[in-house]
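Subject: Structure handover

Dear colleague,

Here is the structure I said I would pass on. My notes on the side chains follow below it.

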Amino acid sequence: HIDGAACVVAGCRVTAIAEERITRQKHAGGCFWALQTALADLGLAIDEVDRFVVSTCGEAVPDRDAPVFLRPDGLWTLQDLGVKSSRIFWCPSHHLSHALHGFHCLDRDQVLACVFDYQGNVGEWNSVFWVDGTDARRRRCDRISSDCAGGLGAMYAAVTDALGLNGATQAGHTMALAGFAPPLGLSPVLLDRT
């Protein structure tokens with residue numbers, strides 16, 4: 001699996017890092033080094049973590065007691081580090097992971113989170129969640145057949161391919177550029193005058 005990362009939340013403090021930032025290998029899988037780094041940044045040991053939430057993407061969510069591999073070669077798992085299964089929770093939806101991240105990053109009691117990803121877990125394309133402090137409910141999920149290109153994320157992949165980059169792995173860069181666009185209905189000329 002590719003693009004591993006770890007995020008540690010301790011009260012109001014959050015630290016997160018991608019595995020590739022430490023290993024210097026593009027799209028590095030696993031989260032062995034990312035987890036160690038994030039824990040060290042907050043001064044925590046692995047036995048001080050109350051809950052490990054694991055999110056997957058593009059595949060079915062494993063059973064509750066499935067091993068959580070920290071390295072792509074399958075040599076280390078959370079369980080190998082002494083983490084009991086009762087402290088491990090598999091997120092039932094990759095899109096839910098995105099929605100909860102959006103909620104956590106905002107100082108709001110309630111959030112309507114729209115996730116337009118290329119693909120979440122099996123069958124997830126575009127999702128809408130209502131999230132409050134104690135509950136997250138999916139209000140809508142467009143499920144597209146396996147022979148279809150995908151949701152809005154597929155559009156970004158196609159544009160990325162047209163730019164001469166690999167849409168399957170670099171569409172996130174194109175998505176990030178969308179944040180630099182002017183608000184809908186306003187031209188850049190009008191924005192310069194305000």
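Which residues do ring pairs link into a cluster? They are Phe32, Trp33 and Trp76. Please keep in mind that this is a predicted model.

Aromatic pairs

The structure holds two aromatic pairs. In one of them, the ring centres of Phe32 and Trp33 are 5.0 Å apart and the planes stand at 90°, so this pair is edge-to-face. Phe32 also pairs with Trp76, with 6.2 Å centre to centre and 35° between the planes, and this pair is tilted. Phe32 belongs to helix α2 (residues 32–41), while Trp76 is in the loop between β3 (52–54) and β4 (88–90), so the pair ties together parts that are 44 residues apart in sequence.

Trp33 is partly exposed at 47% relative accessible area, and Trp76 is partly exposed at 34%.

Charge over a ring

Another aromatic side chain, Phe89, has the charged end of Arg51 over its ring, 4.3 Å from the ring centre.

Surface patch

Met155, Val159, Leu163 and Leu165 make a nonpolar surface patch of about 360 Å². Of these residues, Leu163 is located in the loop between α4 (152–162) and α5 (167–177). Is Leu163 buried or exposed? Leu163 has a relative accessible area of 57%, and it counts as exposed because that value is over 50%.

Regards

How values were computed:
Residues numbered from 1 in each chain as written. Predicted model: local features only at pLDDT ≥ 70, side-chain atom pairs only at ≥ 80, totals over all residues. Heavy atoms only, no water. Patch = residues over 30% accessible without salt bridge, like charges linked within 9 Å, V, L, I, M, F, W, Y side chains within 5 Å. Areas by Shrake-Rupley, 256 points an atom, 1.4 Å probe, with all protein chains shown as cover. Salt bridge = Lys/Arg side-chain N within 4 Å of Asp/Glu carboxyl O. Helix = DSSP H or I, 4+ residues; strand = E, 2+ residues; numbered from the N terminus. Buried < 20%, exposed > 50% of the residue type's maximum accessible area, 1.4 Å probe, protein only. Phe/Tyr/Trp six-rings, centres within 6.5 Å; stacked < 30°, edge-to-face > 60°. Lys NZ or Arg CZ within 6 Å of the ring centre and 35° of its normal.
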